[in-house]
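Please read it with the structure open.

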Amino acid sequence: MDSTLTHTRNPLTGWDISALTKTGKGETIAAAKISVNGFPEYDETFEQPLNQWQHQLTQKGTYPGDNKVLLEITDGNGQVIRAQDSW
């Protein structure tokens with residue numbers, strides 16, 4: 001399973017954050033959570049397991065300032081895979 005987090009400066013305020021997860025053979029995605037600076041911003045459990053998932057948050061985080069994004073993906077076996085981005 002491969003997860004990626006990226007961020008770009010939003011011209012209005014804060015940052016736009018993109019999350020993407022792709023599975024390998026035999027893997028599935030059961031749930032996804034995104035936290036920005038310790039606050040939950042996205043939390044979804046999928047009725048049908050997914051092979052690929054992506055989501056974008058807009059105008060999150062602080063500018064100027066330090067930011068930390070945590071992505072947690074739960075696979076079909078209940079294991080949590082984490083990806084982090086900070087700037």
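The points below cover the ring pairs, their places in the chain and the charge beside them.

1. This is a predicted model, in which local features need pLDDT of at least 70, side-chain atom pairs count only at pLDDT 80 or more, and totals for chains, interfaces and linings use all residues. Residues are numbered from 1 along each chain as its sequence is written, and side-chain values use heavy atoms, without hydrogens and water.

2. Rings of Phe, Tyr and Trp (its six-membered ring) pair if their centres lie within 6.5 Å; planes under 30 degrees apart are stacked, over 60 edge-to-face, and the rest tilted. The count is three aromatic pairs. Trp15 and Tyr63 are edge-to-face, because their planes stand at 70° with the centres 5.8 Å apart.

3. Trp15 belongs to strand 2 (residues 15-22) and Tyr63 to the loop between strand 5 (52-60) and strand 6 (68-75), so this pair ties together parts 48 residues apart in sequence. Strands are DSSP runs (E, at least two residues), numbered from the N terminus. Trp15, Tyr63 and Trp87 make up one aromatic cluster.

4. Trp15 is buried at 12% relative accessible area, where buried means under 20% (1.4 Å probe, protein chains only).

5. Tyr42 and Trp53 form a tilted pair, with 5.6 Å between centres and 40° between planes. Tyr42 lies in strand 4 (residues 39-50) and Trp53 in strand 5, so the pair ties together parts eleven residues apart in sequence. Tyr42 is buried at 13% relative accessibility, and Trp53 is buried at 5%.

6. The charged end of Arg9 sits over the ring of Tyr63, 3.5 Å from its centre. The term requires NZ of Lys or CZ of Arg within 6 Å of the ring centre and within 35 degrees of the ring normal.

Terms used:
Helices (H or I, at least four residues) and strands (E, at least two) are DSSP runs, numbered from the N terminus. Buried means under 20% relative accessible area, exposed over 50%, partly exposed in between (1.4 Å probe, protein chains only).
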